[in-house]
Structures are given as C-alpha cells and as structure tokens.
Amino acid sequence: MSFSSDVKKELSRVDSLDRYDRVAEIAALIAFGGKIYMKPGEIPAFLFHSENPVTVERFIRLAQDYGISPVGTGTSKAYAGETDAAGRSLLRQCGFIDNLGRIVDEEEFFENALLQKNSCQRAFLRGAFLASGSITDPNKNYHFEISCSREITAFMLQRQMEFFGLEARLVRRKKSFIVYMKEGAMISEILAVMGAGISKLNFENIRIYKDVRNVVNRRVNCETANLGKTVSAAVKQIEDIEYIKKAIGFRRLPEPLRVVACARLEDSSATLKELGERLEPPLGKSGVNHRLRKLSRIAEELREKNHREINGRSL
C-alpha cells in the first residue's frame, strides 16, 4: 500500500463529532470529487465519484448521516442523483445552493459561513484531499497536491491553506489546476491539520532519517574533498622539496626551511598540524604552511632558472 493510501485510510477514520465539521467534509468531497447540477424542473442534484474505495466509503457514511442514500454505489464509485428535501437541506448547509434553491458560484461557495470556522476548515481540507489529493512516498521525495477542475477553486483552496500558515503553490497541468507543496515542513503540518496524526509521525520519522543521512553524507563528502586537497598539496610539496634537493641540496636552505623539508619527506601523509607538532620547538599550522610555501617558491625559481639555461644553450 502506498503512503498516499495510508494517509487516506487514516483520514477516513477520523471521527467528526461536530455536525458542521461533517457538513464541511461532505462539501469538500462533492466539490473536489463531483459536481452540483440542475435537473429538469429546477431540481438541484449532485454527482459524486471516486476510484478510491476508502473515499467512497467515507462519503457514503457521512451522507447517510443526513438521510442521503447514494445510488449506483460500487466498490470504486458512488453516485447520488436527485435530492429530496433532506438532500436539498444538506446542499444548502454545504453552501452549494442558496435559500431559493439556486446553485451559487465557486467564490460565493468558499465565502459561506461554514468555512470560516477553524475545525470546519480542517474538515474541508480533509475532504478535498480524500477526493482528489495525493502525497508522494517521502522516502523518494516530498510532494503533496490536490487537483482542482477550475482555477478559482484552486485559488480558494490555496487561501484555505494560508489560514493555517501553509504555503502552497498553484500550477496548471493539462486541464486541471494543481495546488501543491514540496517543502517537508509544510507537508508535515498539513497532515496534522487534516487529522492524520499517525501519518505525520511516520512522515517526520522518514524526514528526520533523511536529514541526518544528508548531513552525514555532506560531512563525508566534505572530509573526502578536504582529504583529497591535503593529499594533492602534500604530493606537490614533496615534488618541490625533491627538486630543491636534487638542484641545490638542503645545505643551501635556511635552517627553518631545511627542518620542515626533512619533516615533510619523512612523512608524506602528515597534516600541517602533525608536522608542526614534530618540530623542535613545535610550530603552528600557519607557520608550517608559510615555510612550505617558501619552499615551493624556491622550487619554482629553480625550475625557471633551469628552463632559461636550457633554452640559452639550445640557442
């Protein structure tokens, strides 16, 4: 079972004791998984559909609490057709129709009093996710999204999320508008807002493990890179010292440089700190590095001199 399925399964078990919260969730399920339409005779009706059995079961259970018995139900879909008085009352409570039985537009729907209550907003986000949301397995990457059929619906959903301090983005994908998040902290927070506490903990465990692993990998990579630089620098230092030794010998070097040159030849893998600790008296890293740089300059000068002499003879 996917992580997204696990989240929906947990959300479908949330016990909404408050009547308004249940209505808000039904409203979201219909808004994001169905539609409201008028039948001949100006009779409001609604259609709900989902390929997810968990979402279907959730919708049926909530709808039945309000005297609605969806018809055409199956293992992966549920339809509700013409409404009776109880159904029209529910649609009115959801905010889909006004007191005259007319269908309201999306902006008016989102501005209704039902969706101004904190717990109702949580229930609404839960229903929206159950109807048309998905979340990627956090072991792979972080991605949470809810698909909307219209841009105004996506924009209003984005505003609902902002109420909880959630920063979601909006993008068009073919004929749909997607409200999505890619930041781990935001996804973790919306799981909590919707009521998926266990999924949030599982998500956080994976996120912490990945963060720790990434920190370790960065440190290992950094240390490996530093080690590579240290080895390369030591190889160059030894080449320079060997060249000086061959060209003029160590006797012509000042005592401080000669001591460091000999110490480097004795241990090609020692760090600057280790080299300094072996000297008498001990020398700090900057002091050792300063003397090694002087040796490198001497080696370069000797190479240039040798090059000029060779070219002079050839002429």
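Is Asp-267 buried or exposed? I looked this up before anything else. Asp-267 is buried, because its relative accessible area is 17% and the cut-off for buried is under 20%. I note here that the model is predicted.

**Entry: the partner of Asp-267**

I looked for a salt bridge at this residue. Asp-267 forms one with Arg-278, and the closest N and O atoms are 2.7 Å apart. Next I checked where the two residues lie. Asp-267 is in the loop between α10 (255-266) and α11, while Arg-278 is in helix α11, so the pair ties together parts that are eleven residues apart in sequence.

**Entry: other salt bridges**

I looked up the total. The structure holds twelve salt bridges. As background, side chains of opposite charge can pair when their charged atoms come close.

I picked Arg-58 next. Its side chain meets that of Glu-25 in a salt bridge, at 2.6 Å from N to O. Arg-58 belongs to helix α3 and Glu-25 to helix α2 (residues 19-33), so this pair ties together parts that are 33 residues apart in sequence. I then checked burial. Arg-58 counts as buried at 2% relative accessibility. Glu-25 is buried too, with a relative accessible area of 0%.

Then I turned to helix α9 (residues 197-247). Glu-204 and Arg-207 both lie in this helix, three residues apart, about one turn of the helix. They form a salt bridge with their closest N and O atoms 3.1 Å apart. Both residues are buried.

**Entry: aromatic pairs**

How many aromatic pairs are there? I found a count of ten. In one of them, the ring centres of Phe-48 and Phe-59 are 4.1 Å apart and the planes are at 15 degrees, so this pair is stacked; the cut-off for stacked is under 30 degrees. Phe-48 lies in strand β2 (residues 43-48) and Phe-59 in helix α3 (residues 53-64), so the pair ties together parts that are eleven residues apart in sequence. Phe-48 and Phe-59 are both buried.

I checked Phe-163 and Phe-164 next. Their ring centres are 5.1 Å apart and their planes are at 85 degrees, so the pair is edge-to-face. Phe-163 counts as partly exposed, at 46% relative accessibility. Phe-164 counts as buried, at 15%.

I also noted a cluster. Phe-32, Phe-96, Phe-109, Phe-110 and Phe-124 make up one aromatic cluster.

**Entry: charges over rings**

Which ring does the charged end of Lys-8 sit over? I found the ring of Phe-129, with the charged end 5.5 Å from the ring centre. I looked at Arg-303 as well. Its charged end sits over the ring of Tyr-243, 4.8 Å from the centre.

**Entry: the β5 and β6 hairpin**

I moved to the strands. β5 and β6 run antiparallel, and five bridges join them. Leu-170 has Val-179 in β6 as its bridge partner. The two strands form a hairpin with two residues between them. Lys-174 is in the loop between β5 (169-173) and β6 (176-181). Its phi is near 60 degrees, a positive value in a residue other than glycine. Lys-174 is exposed, with a relative accessible area of 78%.

**Entry: a cis peptide bond**

Last, I looked up the bond between Glu-280 and Pro-281. It is a cis peptide bond, with omega about 0 degrees. Pro-281 is in the loop between α11 (272-278) and α12 (285-314).

Key:
Residues are numbered from 1 along each chain as its sequence is written. This is a predicted model: local features need pLDDT of at least 70, side-chain atom pairs count only at pLDDT 80 or more; totals for chains, interfaces and linings use all residues. Side-chain values use heavy atoms; hydrogens and water are left out. Rings of Phe, Tyr and Trp (its six-membered ring) pair if their centres lie within 6.5 Å; planes under 30 degrees apart count as stacked, over 60 as edge-to-face and the rest as tilted. Helices (H or I, at least four residues) and strands (E, at least two) are DSSP runs, numbered from the N terminus. Buried means under 20% relative accessible area, exposed over 50%, partly exposed in between (1.4 Å probe, protein chains only). A charge sits over a ring if NZ of Lys or CZ of Arg is within 6 Å of the ring centre and within 35 degrees of the ring normal. Two strands pair if DSSP finds at least two bridges between them. A salt bridge is a side-chain nitrogen of Lys or Arg within 4 Å of a carboxyl oxygen of Asp or Glu.
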